[in-house]
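Please look through the sequence and the three-dimensional structure shown here before reading on. The paragraphs that follow go from helix packing to the core, and then to the chains and the DNA.

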Number of protein chains: 2
Amino acid sequence: MEASSTPEPVLRAGDLEVRPDEGLALAAGRTLMLSVREFGLLVALTARAGHIVGRDDLFAEVWGGSLRHGDRSVDVYVHKLRVKLESAVPHVRWIHTHVGFGYRLEPEPAAPPVTGASHPFHTEGTPR
Amino acid sequence: MEASSTPEPVLRAGDLEVRPDEGLALAAGRTLMLSVREFGLLVALTARAGHIVGRDDLFAEVWGGSLRHGDRSVDVYVHKLRVKLESAVPHVRWIHTHVGFGYRLEPEPAAPPVTGASHPFHTEGTPR
DNA sequence: CGGCTCTTTCACATTCTCTTCACGGGTCCG
DNA sequence: CGGACCCGTGAAGAGAATGTGAAAGAGCCG
């Protein structure tokens with residue numbers, strides 16, 4: 001009855017590889033330095049790559065218990081994950097937000113619209 | 001007692017796949033980014049694909065309550081859905097209008113703008 | 001105890017949704 | 001022709017939902 005009797009299989013999604021048992025995550029070959037929560041969230045999302053996972057489901061799986069109204073923990077960690085993922089592999093959108101539903105992990109080429117942003121400065125004088 | 005004891009089955013219509021429980025819709029394999037209302041409307045239409053669904057029925061199912069005289073919500077959202085559907089899969093007419101009756105979801109090949117389609121030529125042509 | 005990292009919680013900034021208006025082309029009919 | 005509906009479509013405003021930087025706790029370890 002070893003708790004470890006269930007060798008969690010390696011999870012994959014595009015260039016992402018996650019090894020639940022080792023606490024290791026690789027993005028395009030690069031090792032990601034993640035904290036416990038970040039890793040847990042990544043596992044939860046990768047396990048259902050391509051599917052939308054609700055905030056409550058994510059919270060229940062990673063934090064345990066039910067998401068309290070007003071708790072922004074999931075959002076904050078999704079943000080931290082996005083930063084590290086896109087930092088490791090630029091130009092790829094890993095986590096997609098489905099307003100009102102949840103998040104979906106699925107590597108997609110980012111849209112580098114103004115790749116050649118001609119004007120470095122002029123951060124925009126935001127009228128209004 | 002299970003409120004979730006009704007795993008809504010996946011709905012399909014042509015290249016469209018809708019998963020009511022997940023809030024996810026795929027058109028020709030492409031994930032659609034829909035808002036809650038848009039998704040609800042798509043579910044209502046897809047559930048009765050091929051059939052004409054009245055505005056009042058759509059409103060009742062998606063918004064709840066009865067459609068007030070003069071309310072254009074359904075029309076506005078049908079438009080938003082059409083834009084996203086045809087954006088994801090061009091040259092396909094997804095939602096058809098039946099004046100005086102309602103809308104009908106049914107993927108049909110659209111008339112691709114012929115090379116040099118300079119003059120308007122009665123693009124649609126379904127006078128009942 | 002002092003210094004670190006990780007978590008949680010805030011406060012504010014942005015973006016997205018939903019409704020409702022408004023304008024305009026179509027159709028039907030007396 | 002003029003009026004009454006019906007529907008397509010773009011836009012404005014108020015609110016809700018999410019993004020984001022930073023402060024405030026909490027546990028860890030030398």
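Helix 1 of chain B and helix 3 of chain B pack at an angle of about 85°, with their axes 10 Å apart; here helices (H or I, at least four residues) and strands (E, at least two) are DSSP runs numbered from the N terminus, while axes are lines fitted to C-alpha atoms, for helices over the stretch in contact, and angles run from 0 to 180 degrees between N-to-C directions. The two helices of chain B are therefore roughly perpendicular to each other, since angles of 65 to 115 degrees take that name, whereas those under 35 count as roughly parallel, those over 145 as roughly antiparallel and the rest as oblique. Their contact joins B:Arg37, B:Glu38, B:Leu41 and B:Leu42 of helix 1 to B:Tyr77, B:Val78, B:Lys80 and B:Leu81 of helix 3, where contact requires C-beta atoms, placed from the backbone, to lie within 7 Å. By class, these residues divide into five nonpolar, no polar and three charged, with Ala, Val, Leu, Ile, Met, Phe, Trp, Tyr, Cys and Pro counted as nonpolar, Asp, Glu, Lys and Arg as charged, and the others, Gly among them, as polar.

This is a predicted model, in which local features need pLDDT of at least 70 and side-chain atom pairs count only at pLDDT 80 or more, although totals for chains, interfaces and linings use all residues. Residues are numbered from 1 along each chain as its sequence is written, and chains are lettered from A and ligands numbered from 1 in the order in which they are written.

In chain A, the axes of helix 1 and helix 3 come within 10 Å and cross at roughly 85°, which makes helix 1 of chain A roughly perpendicular to helix 3 of chain A. Here A:Arg37, A:Glu38, A:Leu41 and A:Leu42 in helix 1 meet A:Tyr77, A:Val78, A:Lys80 and A:Leu81 in helix 3.

Which residues touch the most other members of the largest nonpolar core? Of its 50 residues, they are A:Leu41, B:Ala25, B:Leu41 and B:Leu42; such a core is a set of buried Ala, Val, Leu, Ile, Met, Phe, Trp, Tyr and Cys residues joined through C-beta atoms within 7 Å. Not counting residues up to four places away in sequence, B:Ala25 touches B:Val18, B:Leu32, B:Leu34, B:Phe39 and B:Leu42.

A:Leu58 lies in helix 2 (residues 55-62) of chain A and counts as buried because 22 C-beta neighbours lie inside 10 Å, the cut-offs being 20 or more other C-beta atoms within 10 Å for buried, 12 or fewer for exposed, and in between for partly exposed. Leaving aside neighbours within four places in sequence, A:Leu58 is in contact with A:Leu41, A:Ala44, A:Val53 and A:Val74.

Between the chains, six residues of chain A are in contact with six residues of chain B, and the side of chain A that touches chain B has three nonpolar, three polar and no charged residues.

Around DNA strand C there are 20 residues, the closest being A:Ser35, A:Val36, B:Ser35, B:Val36 and B:Arg37, where near means that the C-beta atom, placed from the backbone, lies within 6 Å. Helix 1 (36-47) and helix 3 (73-88) of each of chains A and B supply at least two residues of this surface, whose residues divide into seven nonpolar, five polar and eight charged.

DNA strand D is surrounded by 18 residues, and the closest are A:Asp75, A:Thr97, B:Asp75, B:Thr97 and B:Val99. Helix 3 of chain A and helix 3 of chain B are the elements that give two or more residues to the surface near DNA strand D. A:Thr97, found in strand 6 (residues 92-98) of chain A, is partly exposed, with 14 other C-beta atoms within 10 Å.

Definitions and conventions: Two residues are in contact if their C-beta atoms, placed from the backbone, lie within 7 Å.
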